[in-house]
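Here are some friendly notes to read with the model open beside you. Take the points in order, and find each residue as you go.

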Amino acid sequence: MSERTVSQSMSQRHVLSLPPHASVWDAACVMTKANCGSVLIIDSAGILLGILTERDLMTRVLAKALNAQTTQVSAVMTHHPHCVAPEMTVANAVLIMIERGFRHLPIVSAAGKILGVFSVRDALPREIGNAVSLAEFHEQVNDALG
C-alpha cells in the first residue's frame, strides 16, 4: 500500500487567507464560516507571512484579553511557519507536527506557490500510528547518541 502525500490528503482544497492588516475578529469569522482551524496570512504579492490558528486565537488573543476587533493578525500570527512540499508523506508531516507541536502545515510547491494547508485532521489513524512509531524511533536514536 503506497503512502499518501499531504497534497493527496488535504480535505480543503482552497487556500483560506487574509492580509496582515486584517483584524483577529475578521480571521475568526472567516475561519468559522469555512469551518477551518487556520488561516494563512499573505501579503499583496502572494508571499506567505504567517499562519493564524485556533490555538493562536486562544493563547495569544483570548488568554491575554486582547481586543479581537482592533488587534491585527500580524501581531499574533505565527511568523514564517514551517512549510512542507506537496510530495511529503502524511506520516512524515505528522512526525514534524509531533516533534514541533504543530497542528497545521502550509503546503508550498518548489516554485513557492501556496497550495493549501495540511491539518492533523487530514491524517488517517494508520498514518498517525506510523508517525508515532517514527517519533519513538527518533527518540531512541537520540537517547542512544546521548
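Does Met-31 count as buried or exposed? Met-31 counts as buried because its relative accessibility is 4%; buried means under 20% relative accessible area, exposed over 50% and partly exposed in between, with a 1.4 Å probe and protein chains only.

1. Before we start, a word on the source. This is a predicted model, in which local features need pLDDT of at least 70 and side-chain atom pairs count only at pLDDT 80 or more, while totals for chains, interfaces and linings use all residues. Residues are numbered from 1 along each chain as its sequence is written, and side-chain values use heavy atoms, with hydrogens and water left out.

2. Let us stay with Met-31, which lies in helix 2. Helices (H or I, at least four residues) and strands (E, at least two) are DSSP runs, numbered from the N terminus. Apart from neighbours within four places in sequence, Met-31 is in contact with residues including Leu-16, Cys-36, Val-39, Leu-52 and Leu-57; contact means heavy atoms within 4.5 Å. Val-6, 25 residues away from Met-31 in sequence, is 21 Å from it in space, C-alpha to C-alpha.

3. Now look at helix 2 as a whole. Its buried residues are Val-24, Ala-27 and Met-31. They cover an arc of only 55 degrees around the axis, so they sit on the same side of helix 2; the arc is that of the directions from the helix axis to the C-beta atoms. Here is a handy rule: an α-helix has 3.6 residues a turn, so residues three or four places apart point the same way. On the face turned away from the buried side of helix 2 you will find the exposed Thr-32 and Lys-33. Just after helix 2 comes Asn-35, with a positive phi of about 50 degrees.

4. What covers the buried residues of helix 2? The cover includes strand 1 (17–18), strand 2 (38–42), strand 3 (48–53), helix 3 and helix 4 (73–76). The axes of helix 2 (residues 24–34) and helix 3 (residues 54–62) come within 11 Å and cross at roughly 150 degrees. Axes are lines fitted to C-alpha atoms, for helices over the stretch in contact, and angles run from 0 to 180 degrees between N-to-C directions. The two helices, helix 2 and helix 3, are therefore roughly antiparallel; angles under 35 degrees count as roughly parallel, over 145 as roughly antiparallel, 65 to 115 as roughly perpendicular and the rest as oblique. Val-24, Ala-28 and Met-31 of helix 2 meet Glu-54, Leu-57 and Val-61 of helix 3.

5. Compare that with another pair. Helix 5 and helix 6 pack at an angle of about 55 degrees, their axes 8 Å apart, which makes helix 5 oblique to helix 6. Among the residues making the contact are Val-94 and Leu-95 of helix 5, and Ala-131 and Ala-135 of helix 6.

6. Finish with helix 6 (residues 125–145). Which residues of helix 6 are buried? They are Glu-127, Ala-131 and Ala-135. Seen down the axis of helix 6, these buried residues fall within an arc of 80 degrees, so they line one face of the helix. The face turned away from the buried side of helix 6 carries the exposed residues Pro-125, Gln-140, Asp-143 and Ala-144. After helix 6 comes Gly-146, whose phi is positive, near 85 degrees.
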